[in-house]
Amino acid sequence: MKNMLTLQFRKSRLTFLVMLGAVLLSVPAAMLFHPRSMTGPEAVNLAMLFWALAGLPLAIMTLAGTAGSDAASDGARAAEQPLPESQYRQVFSALAAALAQAALLIAVVYALMGFSLPFDRLTFVNTHVARHYVFYAAFLALYGFTLSYAFRNAVAGGLAAAALLGLTAVPLLSAALFQQLMLKLIPLALLNTLTGALALAGALFALRLLCRAYARREARAAAKVLLASLLLVAPAIPPFVGLAVLNHKAADVTWPVYPLSLSFREPAGTSDVMLVQKPFTGEVFLIDEEGRRAVVFPDDSAGGLPNYFFPVPAFVRGQTMSAPDGDVWVYCDRYDKPGVLMKGSAAAGLKLRAVLPDSWRADFVRGKVPGIAERRKDGFYYAQLPSGDAPVKWESLATAAREAAKPWLTGTGPEALMDAFLRSSLAGAPGVAVLSVDRKTVTAGSRTWTVPGALGPKSPLIGVKLKDGINYIVPAREGKKEVTYICPPGGKARKLWNDYFRLGANLWAAPDGTLWGYNRKSRITLTVISTDGVSKKEFDSPQFNILTRGGRSIESFTIDNVLRGLTTDGGDISLVREENGALWFTIGNSYLVRTGDDPNGPYSAWELPESVRDRFWRSTLQPTRDGIIISAMDGVHFMDWEGKERKL
Amino acid sequence: MNPDILTAKDLRKAFGRKQVLKGLDLSASKGEVVGILGRNGSGKTTLFNILMDLTAMDSGSVEILGSGPDGSGRLRGLIGYVPEKPAFHQFMTVKEVLDFRAGFFTRWDMQKAVELCKKLELDGTAKVAALSKGNLAKLAWITAVAHNPELLLLDEPTSGLDYLVRDHILNGLIHELADGGKTIIVSNHRMGEMGGILDRVCVLGNGVISAQHSAEFLTGEVFKAGVRLEGRAPELDGLIPLRSAGAVREFAVLGRGTLEKLKLEKSFAGADISPMPLEETFKVLLGE
């Protein structure tokens, strides 16, 4: 074998030395002739980048291709086959020499780059290629050699190898890009390993079969060539199957339809339904705890080759708002469709009430009369949401052409105009209080409270329903401190907390009315389990201020003890329910936890479905009265307050 | 009887739909020189390639010096092979070829190789690319015998060589090898020039060894009979019509027994009978 290797090296010595010389010469060339904007080392790095992305692949194709076609040539066969070495070993020695030469060229380029890759300066695709460079190079060398041997032609073999590499790598790159930017739907590491093993083992076995068919002229040569062809194409199968599985799984992915913006004016969402989208099929539907669905947009998967290689989500945005008659108003807008305004329920279905063909965004307005404000290309419009089947009548609030030139920050632009409109619409509505201009008095209907130093005179105060009726939470300043007052329905305003809290900013209401928020976090160390293994991670744990429906205040409540007992990478922690002193929290997309009011007391923790745990970059949970609706990778689930879970 | 060095049984080989070997049997004992006689495309090179373990047989068995073909190339280490068209790496010199080959054969005798170069007047510093056809043949001979194989396979070993080289090889090398007790299987279009050293000639036709004769038989028991014959010739095994000119006809007579029977035939009374030259005998065997 050593003799054969020596021979093969000698045969390709000239080609190899020319290539090596070109690589080495590019260093002084880059140092001498680089542009002024670049330093010498940067120019060398750029030259090496050229070698890595274009020069080396071509060099590898040339070395492997010529070695393969030469091994199959009549001259080499006549000169080498009578030697007492197996014909496969003879061919393999030529391949080994080509691989060694390719490896040497790569090593030289790598050395000239200072044995480091500039990952921080590479685009995603280049980073991915760099990480798998050795595999791609080995693939090109192995396939270039084998196919050139099969075709007895270096050019045809090299081009076919490049085509097969593209066929194998492109779906892998697509899947990797998708998984990095979107969701981890398939086991990519396994897929890469399987593809690599198939490519390397398959090509070697194919070469052996071709050798038996061509050199040894064994019986059933056509079958062997056919099998070799299948083996050579086989590595492209897992990536395409992986991509097909990814597409299939992507079609099941659900996530909530998020509103375009979250602000004080956001109407209290509907509590027992979730507006869900299947981003990769375009389907949008309203779903309740029983799994009943009402379709907003039907499934209209785009299909087509580009979408197959990279499923693109539709990103529907929208809002829901409860109607006085118990129905739900739904506004949905998809970038490629006219917006729709619908009304109905998950059980009975939704009825289209208006098409918003030119909608940029729209907001439900929970004012004196529920309405919808819409931003169109030419301005702002408003319509009351009618009861019954009465048509939706739009009125123009402002035209963009006239107002657009006015900057938003001056408070005179169209956005500010709409903001002001929404505030004024809210003011005076049932359950909404306003602050006097002197910031001393809070008024809601006929009720008035005195809150000295109240903050935020322009923002209407949305009331929260506790057991004693509608209460208003008012942040205020006391000297240098910020505090929070509560204005109850049957008494004077009193100080609730010695800290700043404002509903919608750092204070939220659970579906049962419990208020919770936080200003501070304590740093704790958590055990994290991820695809990279188990590790420790520093995590900020909120210190909650809670106001129960019964009016009981709990301050600086932490769940540090709970977090330390779980394996989670954290995520948003939300209080979702309070009942008889027991508190329910969701931790990221990982756990539902029930604790007592003693932070160090016993607790129960239930893992959320596997298909949602640590899979999304933001919460996909919708707390309801009876549990949590969970939009997950494989559809919509429901978990009740005892941790019992079912798929809807 | 010397032990068999080579035994091939029921060899079959097809290329696509073309069946080249159809159950060929062949054997050669130690020290025997066997000529394989066959027309172009009869399967001689295929047979040699199978014996060299270069081409896989479809079925049958081969045993050479106790080993069989297994694709490992081990068998080729035991055989000296002179192909019809010798080929070496063009970039090497003669000396480099010898050095390179020495790395593959455990019994390689470099001194013998160098001596053969001198004897055959082959310059060790000459580039292969610059070698004439004759010198390439010489180099092939040297590389075939330098590792002292017990069996030599010679595929058209003198094809295309001029008289002097042929003489070198035939009267020098082959005789030396045969005298040294080596077993030699040789195919040659001009088998006549090999006549003196052959022990046996096998006729390869229709994918099998269709006939085989000892050297004694071919040189002493094949005759040519010329006769004026009006009617049909008698039907005798071993009587082969060669040519005719009117009533004058010529026959080849294979075997002394056939000749005796022929002499009893009235129609052959007065026939002109003479021993057939070896070259002509091979033509008869080839059916030319």
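How many residues does the contact take from chain A, and how many from chain B? Before you click, know that this is a predicted model, where local features need pLDDT of at least 70, side-chain atom pairs count only at pLDDT 80 or more, and totals for chains, interfaces and linings use all residues. Residues are numbered from 1 along each chain as its sequence is written, while chains are lettered from A and ligands numbered from 1 in the order in which they are written.

**Stop one: the contact.** Select 15 residues from chain A and 22 residues from chain B; two residues are in contact if their C-beta atoms, placed from the backbone, lie within 7 Å. On the chain A side, helix H1 (2–11) and helix H4 (74–80) each supply at least two residues. Helices here are DSSP runs of H or I, at least four residues, and strands are runs of E, at least two, numbered from the N terminus. H4(A) gives the most, with three residues.

**Stop two: helix H3 of chain A.** Pick residues 40–72. At 1.5 Å a residue (times one less than the number of residues), these 33 residues should span 48 Å, and the end C-alpha atoms are 45 Å apart, which agrees. Now go to A:Trp51, where H3(A) bends by about 45°, the angle between axes fitted to the seven residues ending there and the seven starting there.

**Stop three: chain B.** Colour by secondary structure and you get eight helices and 13 strands. The C-alpha atoms fill a box of roughly 70 × 40 × 40 Å, taken along the principal axes. Of the contacts in chain B with a separation of 6 or more, 67% are between residues 24 or more positions apart.
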